[in-house]
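Open the model in a viewer and keep the sequence panel beside it. The stops below go from the whole chain to single side chains.

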Amino acid sequence: MSLESVEPVAPALDLEGQHDHTFDDKGRVSIPAEFRGVMGLDEGAELVVTRHFNQRCLLLFQPEAWQAFKGVIEGADPSVRPVLRRVVAGSARRVKVDRLG
């Protein structure tokens, strides 16, 4: 089993485009407004943010989807499980969406 064969645990949202961001003075990054709309994110919504294991991007999960994805990590082939634990699960942070996204 390769990392590419890990099945998604929730349907992917149709988020298109590349958005390069920088961190603000408080270390925050915003989610583009059109993405927040598609994801149904309001101020105060909780997300889990982590890094992708082999691409230069972030992954966003609703908390329930994150719990399910952690189950996928634990069920992954032993040859890739340590990488997924260290890179993806080890980088995960729970965040709340503020009024700026």
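Predicted model: local features only at pLDDT ≥ 70, side-chain atom pairs only at ≥ 80, totals over all residues.

Residues are numbered from 1 along each chain as its sequence is written, and side-chain values use heavy atoms, with hydrogens and water left out.

**Whole chain**

Start with a cartoon of the chain, which has three helices and three strands. Helices (H or I, at least four residues) and strands (E, at least two) are DSSP runs, numbered from the N terminus.

Switch to a surface: the accessible area of the chain is about 7,100 Å² (Shrake-Rupley method, 1.4 Å probe), and carbon and sulfur atoms account for 51% of it. Of the 101 residues, 27% are buried; buried means under 20% relative accessible area, exposed over 50%, and partly exposed in between (1.4 Å probe, protein chains only). Contact means heavy atoms within 4.5 Å. Among contacts between residues at least 6 apart in sequence, 57% join residues at least 24 apart.

**The sheet**

Select the three strands next. They form an open sheet in the order β2-β1-β3, with antiparallel pairing; two strands pair if DSSP finds at least two bridges between them. The edges are β2 (58–61) and β3 (93–96), and each has a single partner strand, so one side of each has no neighbour in the sheet. From one strand to the next the twist averages 35°, an angle between N-to-C directions on a scale from 0 to 180 degrees, with axes as lines fitted to C-alpha atoms.

Zoom in on β1 (residues 46–51), which is joined to β2 by four bridges. Which residue in β2 is the bridge partner of Val48? The partner is Phe61.

Centre on Ala92. Neighbours within four places in sequence aside, Ala92 is in contact with Val48, Val49, Thr50 and Trp66.

**The salt bridges**

The whole structure has four salt bridges, each a side-chain nitrogen of Lys or Arg within 4 Å of a carboxyl oxygen of Asp or Glu.

Select Arg94 and Glu46, which form one of them at 3.2 Å, N to O. This pair links strand β3 to strand β1 across 48 residues of sequence. Arg94 is partly exposed at 45% relative accessible area, as is Glu46 at 29%.

Move to Arg28, partly exposed at 36%. Its salt bridge with Asp24 has closest N and O atoms 2.8 Å apart, and the one with Asp98 spans 3.2 Å, N to O. Arg28 lies in the segment before α1 (33–39) and Asp98 in the segment after β3, so this pair ties together parts 70 residues apart in sequence. Through shared partners, Asp24, Arg28 and Asp98 make one network.
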